[in-house]
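Please look over the structure before reading on.

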Amino acid sequence: MYLIPGINKEDHDNYVLYFIENISDELKQEIRNRLATICYGVEQTQSNCGIYSYEETVKDFIHRYKTQKDKSESRKKGMIGELLVHIILELEGKYSTASPFFNMEESSFKKGFDIVLFEEDSKELWITETKSGEIQKKQKNANSAVSGLINTAKKDLKKRLNSNEKKLWLNALNAARIYMSNSDHQKQVVLQLLGEISNNVVKQTTSSNQFNVVLSSVLFHPLSDSMENKAIEKKYSDVVKEKLFNKTFIIAIQKNTYTAVYNFLESEIQNEL
């Protein structure tokens, strides 16, 4: 089934696969509609301040993309991959986002968790880690590459969620305040939940098995060698067996290249650059 034209989807109970076949007109429009909110937050973009316009957001995105202190290709892939995860989460609507894509203090990658999500039905938080990249030399195919990315996301969250590091949760609290609308009842629930976690962090009583996590992977690799649901099912089962987290959900995305998204954004304001 298609999420929207250009994005094919395989939906399962505990994981979902997305194949981005092309940057369709519909996907381009969704990026136009959602980019500013994803990057800055609902509260900021509701202000109607020109700095949060779509055009200015694209300029800022391109600036950050080009001027990262670490200009490696892996950083660029990470930036595009996380943006795609944000877009898909917004399209799906299962979770409410509680953290902006942009780091507000400086033009660098956000410190802390990639994305904090809130699930209205269960009133629970989900901590999301995204890993993006291409197939590595020792990996045979898309299945092994995606599994490797998910495994890296798992290890990173295990380390962070067991660290009892106050700064991670201060960043999460500040991000929720910035991102979520003051008129949204969910904001107070999210801040309360994050506050309770922060209290436990101060007491050094948190551990990874208390948290719900979304492990997301974005593989840039030809769709002629597509990842398969059996590989994601196995990886999900392996993670659950480790009992590292309270609940786990996996998002696996595959796209031919990472440059097409950037090329689209650059073309949007090419005459102004």
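The notes below begin with the model itself and then take up each topic.

The model is predicted: local features need pLDDT of at least 70, side-chain atom pairs count only at pLDDT 80 or more, and totals for chains, interfaces and linings use all residues. Residues are numbered from 1 along each chain as its sequence is written, and side-chain values use heavy atoms, with hydrogens and water left out.

**Helix 5 and helix 8**
- Helix 5 (residues 142-161) packs against helix 8 (residues 229-242) at an angle of about 25°, and their axes are 10 Å apart.
- Helix 5 is therefore roughly parallel to helix 8 (angles under 35 degrees count as roughly parallel).
- Contact (heavy atoms within 4.5 Å) involves Asn143, Val146, Ser147, Ile150, Asn151 and Lys154 of helix 5, and Ala231, Ile232, Lys235, Val239 and Glu242 of helix 8.

**Asn143**
- Asn143, a residue of helix 5, is buried, with a relative accessible area of 14% (buried means under 20%, exposed over 50%, partly exposed in between, with a 1.4 Å probe and protein chains only).
- A polar atom of the Asn143 side chain lies 2.7 Å from the backbone nitrogen of Glu228.
- Leaving out residues up to four places away in sequence, Asn143 touches Ser226, Met227, Glu228 and Ala231.

**Positive phi in loops**
- Lys123, in the loop between strand 5 (115-119) and strand 6 (124-133), is not a glycine but has a positive phi of about 60°.
- Lys123 is partly exposed, at 40% relative accessible area.
- Lys243, in the loop between helix 8 and strand 8 (247-255), is not a glycine but has a positive phi of about 55°.
- Lys243 is exposed, at 66% relative accessible area.

Note on methods. Axes fitted to C-alpha atoms, helices over the stretch in contact; angles between N-to-C directions. Helix = DSSP H or I, 4+ residues; strand = E, 2+ residues; numbered from the N terminus. Parallel < 35°, antiparallel > 145°, perpendicular 65-115°, else oblique. Polar contact = N/O pair within 3.5 Å; in protein donor to acceptor, adjacent residues only side chain to side chain.
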